[in-house]
Amino acid sequence: MKLCVIEGDGISHEVIPAALEVLNAVVPEVTVYSAPAGWEYFKRTNKPMDDGTVDLALQCGAVLVGKASSPSYPVDGYYSPIVRLRRLLKTHANIRPTTYMPVPTAREGVDLIVVRENTEDIYAGEEFTLDDGGTGTVQKIVTRAASEKVAQTTYKLARSSERRRVTIVHKGNVLPKTDGLFREAAMSVAAHYPDIETDELLVDTAAYWMVKDPTRFDVLLTLNQYGDILSDMAAAWGGGLGLAPALSLGDGIAIAEPVHGSAPDIAGKGIANPTASILSVALLLRHHWGMHAQAQRIEAAVHQALQDGCYTADIRAQNPLTTRQFTDAVLARL
Ligand code: NAI
Ligand code: MG
């Protein structure tokens with residue numbers, strides 16, 4: 001088994017090694033191939049990632065990515081490595097589960113999965129400046145093929161994980177040719193799954209319900225940008241970004257990636273919560289490598305550590321554990 005590891009920036013250097021330690025304790029036969037990428041790497045080399053990184057990822061078939069920092073202003077030659085990787089590796093679905101965790105910051109009863117289309121929408125990279133910088137414009141790309149593909153993956157996942165309902169989230173009333181197409185494609189797939197209930201919500205209403213009562217959701221199927229935002233909202237109910245895992249799933253390839261970013265505000269202090277990365281590895285084991293028992297072992301150890309009050313600083317400010325201490329607590333409970 002091969003794993004391509006791309007560490008990214010900031011706390012990625014702390015949480016990704018922690019996740020690898022846990023993986024190695026459960027599945028020692030994984031060989032790790034590391035590749036650098038991100039903003040720090042760009043500043044050294046003028047490249048966001050190496051030319052060979054995509055080939056390495058394809059050869060490995062499995063990737064663990066720690067997020068890179070991306071400036072919120074244009075920089076010639078820079079792009080977000082993870083957004084590019086998702087597109088080039090054709091990981092069409094991004095799976096983001098939020099389940100109640102035994103921490104004071106979580107909400108009881110929440111158990112949902114956001115599935116986000118992962119290659120198109122306004123994140124496809126077609127952004128332009130016109131009028132000497134006076135106008136910015138972006139192309140929103142939605143294809144029937146990609147919409148059907150992510151819908152297929154969503155309904156298969158819903159069925160295999162014994163979920164009851166899929167809620168299709170869009171803004172088809174304002175964007176009938178893009179979001180409306182996504183809705184229609186998703187509905188056409190839903191017709192093949194009569195055992196699973198399908199409903200729909202406009203994205204603003206979905207955001208309202210995500211705040212007011214997240215327990216009403218089971219599986220959400222949505223476009224790239226809405227999924228980005230709704231899954232961060234959902235993460236708050238799971239106990240916070242420090243606990244929120246994700247998996248980008250393609251055909252024969254997958255990228256495990258925490259939902260959170262590089263957290264520059266706490267980077268280098270050794271206090272980041274590695275749970276999101278550890279649970280992302282568990283998603284990789286379950287949904288990509290089909291190693292359900294090993295995934296379950298990791299999830300149970302994390303759950304037990306939290307149950308026992310092992311909290312990093314994002315969960316509890318008083319006497320928090322460091323990244324190292326929390327990782328040891330998980331390792332001890334495997
Ligand atoms: P962020 O997710 O890095 O941090 C948001 C807040 O959550 C911060 O207060 C941070 O300290 C906290 N936090 C996040 N993860 C944590 C963890 N594991 N343990 C403890 N606390 C944690 O989002 P932010 O600050 O908006 O972005 C920082 C950088 O990360 C930016 O350059 C952004 O571009 C990048 N980013 C990249 C993403 C990607 O998918 N490529 C996703 C989100 C951010
Ligand atoms: Mg995001």
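## Pockets and helices in a predicted model

Reader: Starting with arginine 159: which residues is it in contact with, leaving aside neighbours within four places in sequence?

Author: Arginine 159 is in contact with His192, Tyr193, Asp195 and Ile196. Bear in mind that this is a predicted model.

Reader: Which helix does arginine 159 lie in?

Author: Helix α5.

Reader: Is arginine 159 buried, partly exposed or exposed?

Author: Partly exposed, because its relative accessibility is 42% and that class runs between 20% and 50%.

Reader: How far is arginine 159 from glycine 38?

Author: They are 37 Å apart in space, C-alpha to C-alpha. In sequence the two are separated by 121 residues.

Reader: What about threonine 154? Where is that placed?

Author: Also in α5, which covers residues 144-160.

Reader: And is threonine 154 buried or exposed?

Author: Buried. Its relative accessible area is 0%, and the cut-off for buried is under 20%.

Reader: What is threonine 154 in contact with, beyond four places in sequence?

Author: Val115, Val166, Val219 and Leu221.

Reader: How does the lining of the largest pocket split by class?

Author: There are 15 nonpolar, 9 polar and 11 charged residues.

Reader: Which domains does the lining of the largest pocket draw on?

Author: Domain 1 (1-100 + 239-334) and domain 2 (107-237) each supply at least three residues.

Reader: OK, the second largest pocket. How much space lies in it?

Author: About 580 Å³. There are 24 lining residues; Pro97, Thr99, Leu283, Arg286 and Glu299 are the closest to its centre.

Reader: Which elements give two or more residues there?

Author: Strands β4 (93-99) and β5 (111-117), plus helices α5, α9 and α10 (292-307).

Reader: How do the residues of that lining divide by class?

Author: Into 12 nonpolar, 8 polar and 4 charged. Domain 1 and domain 2 each give at least three residues to the lining of this second pocket.

Reader: Why call α9 largely enclosed?

Author: Because 11 of its 14 residues are buried. Among them are Thr275, Ala276, Ser277, Ile278 and Leu279. Leu283 is also one of the buried residues of α9, and Leu283 is among the closest to the centre of the second largest pocket.

Reader: What comes just after α9?

Author: Glycine 290, which takes a positive phi of about 65 degrees.

Reader: Last one, α1. What span should it have, and what is the distance between its end C-alpha atoms?

Author: Helix α1 (residues 12-26) has 15 residues, so it should span 21 Å at 1.5 Å a residue. Its end C-alpha atoms are 21 Å apart, which agrees.

Reader: Which α1 residues are buried?

Author: Ser12, Glu14, Val15, Ile16, Ala18, Ala19, Leu20, Val22, Leu23 and Val26.

Reader: And what do the buried residues of α1 pack against?

Author: Strands β1 (2-6), β2 (31-35) and β3 (62-65), along with helices α9, α10 and α11 (323-332).

Terms used. Residues numbered from 1 in each chain as written. Chains lettered and ligands numbered in written order. Predicted model: local features only at pLDDT ≥ 70, side-chain atom pairs only at ≥ 80, totals over all residues. Heavy atoms only, no water. Buried < 20%, exposed > 50% of the residue type's maximum accessible area, 1.4 Å probe, protein only. Helix = DSSP H or I, 4+ residues; strand = E, 2+ residues; numbered from the N terminus. Contact = heavy atoms within 4.5 Å. Nonpolar A, V, L, I, M, F, W, Y, C, P; charged D, E, K, R; others polar. Domains from an automatic or database assignment. 1 Å grid on protein atoms, 1.4 Å probe; cavity = no way out; pocket = protein on both sides within 12 Å on 5 of 7 lines; lining within 4 Å. Points joined across faces, edges and corners; volume = space filled by probe spheres on them. Expected span 1.5 Å × (residues − 1).
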